[in-house]
Amino acid sequence: MNKVVELNDLDGLFKDDLTIMIGGFLNCGTAETILNYVNQLGIKNLTIIVNDAGFNQKSKGSFLANADIDKMIISHIGTNPDIGKKMNSGEIEVELVPQGNLIEQIRCEGAGLGGVLTPIGIGTQAEEGNKVMEVDGKKYILATPLGADIAIIKAWQADESGNLIYRYSARNFNPIMAMAADTVIAEAEEVVKNGELENNNIETSNIFVDYIIESDKELL
Amino acid sequence: MSEVKSKIASRIAEEVADGDVLNLGIGIPTLVCDYIPDDIEVNIHSENGLIGLDREAEEGFEDKDIINASGRHATIKKTGSFFDTAMSFNIIRGGHLDMTVLGALQVDQKGNIANWMIPGKLVPGMGGAMDLTVGAKRVVCAITHQTKKGASKIKKECNLPLTAAGEVDLIVTELAVMEVDEKGLILKEIAEGVTLEEVIDKTEADLIISDDLKEF
């Protein structure tokens, strides 16, 4: 099956009220071509799951500052003053989660786990709204699964069947998010024919990927 | 200010042992690298997904896919490796980091640390700071002793939202080196040219003066 599509083939997937997860850490490993396109679709009332708010004038940060977002589940917004303003004005609800808990919540969704017990956040505001459990005398937060309707992830290479290889520190949230959404759209810098990627090097199996978009080189 | 920063960073570098796996936060902690002697080999972990972080990339040699946790273009040692965020935080949470060095807004005599928000003013988020303070074997806080307005950052009890409770092991300021102990906060060293009275005067926390008080 050839999963490579053009951007406008994705139109039907994007509707109001979606929960979308976006891979990347600051300016690295985010699907800029796809985000740039989604921003033009005018969809509303989104819930966004992402590590950080990026830089406000650039790529992911610009998407987040301009999109119609109701809620963000995120570990860090300090690099993007636009998001801070929207949070303070009440325009966006921001749920801040420790980064390691956030990735475990996403991993739980993709791995069929009911949650993980994490010591991170005990004795802090991160406990709020979470169940705290004691095991052998030590307190843990129960971090529950976090999934999305759509994951927008970024790879370096993809084959037409959807196998993915990442590059250097551009992995970050991408391979984990690839397992945690109903529909997974992967952007790749290089798209090759099936058989051209070494089986031994594939990091995300094609079973997780629904659509492949080739990066616009000018947005890399 | 640069003198203050280098005083703190160079003292923290003395805490680093050969073979340590370290995570260094943004600001003064990053400078610690510059003071680690050449005969000590360390592995620097960066929470965005690598071990073996090296210096920032020189202009013209940046690779868009190699960054540090501040989002700046970096380089990696020949023996370094990359991984995803789940693995990166397994390393942190699983006790595989020998030391993390972090900045803070406040620390207190119980080893509490606050460095992720000022209610109503500044809410950057915790990022990986809660994970690092709980997960690392040793937590070293690199902090200037007082705020710009002259208030002590070394408190009896933090009044800002905590990053972690009771996790700080060592506090290094431009004036003092203090260790958090079951008994309280032990003043171990005072900076050259600074009097004990001055340190006590500028510290809100109760200090237990070490019998073996040294100068640094």
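## Contacts between the chains

Two residues are in contact if their C-beta atoms, placed from the backbone, lie within 7 Å. In this predicted model, 32 residues of chain B are in contact with 34 residues of chain A.

On the side of chain B that touches chain A, the elements that give two or more residues are α3 (85-93) and α4 (129-135) of chain B. The most comes from α3(B), with 5 residues. By residue class, the side of chain B that touches chain A holds 17 nonpolar, 8 polar and 7 charged residues.

## Strand pairing in chain B

Strand β1 of chain B covers residues 21-24 and runs parallel to strand β2 of chain B, residues 43-46. The two are joined by 2 bridges. Within this pairing, Val21(B) has Asn43(B) of β2(B) as its bridge partner.

β1(B) is also joined to strand β5 of chain B, residues 99-102, by 3 bridges. These strands, too, run parallel. Here Leu22(B) of β1(B) stands opposite Met99(B) in β5(B).

## Confidence

For chain B, the average pLDDT is 95, and 100% of the residues score at least 70. The scores for the model are an ipTM of 0.97 and a pTM of 0.96.

Key. Residues are numbered from 1 along each chain as its sequence is written. Chains are lettered from A and ligands numbered from 1 in the order in which they are written. This is a predicted model: local features need pLDDT of at least 70, side-chain atom pairs count only at pLDDT 80 or more; totals for chains, interfaces and linings use all residues. pLDDT is the predictor's confidence in each residue, from 0 to 100. Two strands pair if DSSP finds at least two bridges between them. Helices (H or I, at least four residues) and strands (E, at least two) are DSSP runs, numbered from the N terminus. Ala, Val, Leu, Ile, Met, Phe, Trp, Tyr, Cys and Pro count as nonpolar, Asp, Glu, Lys and Arg as charged, and the others, Gly among them, as polar.
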